[in-house]
Amino acid sequence: MRTTTLSPDDLRGAFSDATGYLAACSTGLPTRETRAAVVADLDARPDLVHYAAVVERCRAHIARLVSTTVDRVALGSQTSVMVGMIAASLPDGATVLCPDGEFSSLVLPFVHAGRGIHVRSVPLADLADAIGPGVDLVAFSIVQSATGEVADARAIGAAARRHGVRTLCDATQAVGWLPVEADAFDALVCHTYKWLCTPRGVAFLTLSDDFAATLRPVHAGWYAGENPWASCYGTDASLARSARRFDVSPVWQAMVGAEPALAMFADADARALHARVTELATAFRTRLGLAEPLISTPIVTWPDADGVDLARLTAGGIIASGRRGNARVAFHVFNDEDDVELAARALLG
């Protein structure tokens, strides 16, 4: 059993020089161990038994990361595929409530599900109050991709429980800096290549037992079998009794690279990590005279419709991003105060 608790400094030491990289909200940087694991795998002969063991270790790390049990974790490669399975399982005519401007992978599977499924959106701040009779599922990102705004997940969950509404939370922009408890939601989906710094192609879905019982494993393949190696052929394979029945066949090389990164973040002091990254973002907002959000977030956005500020950041050696008319920077554990100063100088001169 792991008992190690890694400090933010321990985590920062796992990365090579990340100076000026303020784009964890777009894609994380690989740790040295991730790079070494992928290179070693490419240099070795494929070993399917080894890959299977790596996949199950990843599942266990994910369970620890979001405070749930391994039997509730399904693995995949994209969030939209997992959300699509939930969309395919909703009853005809269901109503899905989501925030305005929500990330496409969380909402388009419902928009295009057909069968009379209706998607309605409201401002994020009004989401909890909009939950009521006639809503079947509320789908929201706990941290909004375009703005970095953090949802009041407690209020949303409480409102959903009062009205018997299912909850689907996307934690792609949260897990890795914000402590998240998966069991607070009926379903929680996350792609790990951003704040968890894995290769792209490793996503997970956690499910409550009663919600899982309502879902159809529409993507079932050999890896969803109770015994995957005995489920490769024919029509009579028994699906896993756990959430593994919703697995899709894993991307082996991505899992090999993901395993050390997931282990590292699962071992991290989550509260200290949260404090470090949000303090860096606060320092940056102070330098630029930007207002603090209601709930702390390491993602900082401000209006930049013409892209001038993003161009200034790029010219100053900063890797950042632009979304929905905003400039966007993100401070992760591999950043420090020098990155705050470098970005501020690029913008203020």
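These are my notebook entries on a predicted model of one protein chain.

**Ground rules.** I number residues from 1 along each chain as its sequence is written, and my side-chain values use heavy atoms, with hydrogens and water left out. Because the model is predicted, local features need pLDDT of at least 70 and side-chain atom pairs count only at pLDDT 80 or more, while totals for chains, interfaces and linings use all residues.

**Entry 1: overall build.** I looked up the secondary structure and found twelve helices and ten strands. Helices (H or I, at least four residues) and strands (E, at least two) are DSSP runs, numbered from the N terminus. The radius of gyration is 20 Å, close to the 20 Å from the globule rule for 349 residues, so the chain is as compact as a globular protein of that length. That radius is taken over C-alpha atoms, and the rule is 2.2 Å times the number of residues to the power 0.38. I then looked up the span of the C-alpha trace: about 65 × 55 × 35 Å along the principal axes.

Entry 2: How much of the chain is buried? Buried residues make up 52% of the 349. Buried means under 20% relative accessible area, exposed means over 50%, and partly exposed lies in between (1.4 Å probe, protein chains only). The chain exposes about 15300 Å², and carbon and sulfur atoms supply 53% of that area. Accessible areas come from the Shrake-Rupley method with a 1.4 Å probe; for residues, only the protein chains shown count as cover.

**Entry 3: contacts.** I took contacts with a separation of 6 or more, and residues 24 or more positions apart account for 69% of them. Contact means heavy atoms within 4.5 Å.

**Entry 4: charges.** I found 30 positive and 39 negative side chains, with the centres of the two sets 2 Å apart. Lys and Arg count as positive, Asp and Glu as negative; His and the chain ends are not counted. I place each charge at NZ of Lys, CZ of Arg, CG of Asp or CD of Glu.

**Entry 5: salt bridges.** The structure holds 16 salt bridges. Each is a side-chain nitrogen of Lys or Arg within 4 Å of a carboxyl oxygen of Asp or Glu.

I looked up Asp9 and Arg276, whose closest N and O atoms are 3.1 Å apart. This pair links distant parts of the chain: Asp9 sits in helix H1 (residues 8–12) and Arg276 in helix H10 (residues 270–288), 267 residues apart. Asp9 is exposed at 51%. Arg276 is partly exposed at 22%.

Next came Arg312 and Asp309, another salt bridge with a closest N and O distance of 3.1 Å. Both lie in helix H11 (residues 308–315), three residues apart, about one turn of the helix. Arg312 is partly exposed at 40%, whereas Asp309 is buried at 16%.

Glu341 bridges to Arg345, with 3.8 Å between the closest N and O atoms. The two are four residues apart in helix H12 (residues 337–348), about one helical turn. Glu341 has 29% relative accessible area, and Arg345 has 44%. I also noted a network: salt bridges with shared partners join Glu56, Arg59 and Asp247.

**Entry 6: Ile319.** Where is Ile319 placed? I found Ile319 in the loop between H11 and strand S9 (321–323). Ile319 is partly exposed at 45%. Ile319 and Thr19 are 300 residues apart in sequence, yet 9.4 Å apart in space, C-alpha to C-alpha. Leaving out residues up to four places away in sequence, Ile319 touches Gly20, Tyr21, Leu22 and Ala23.
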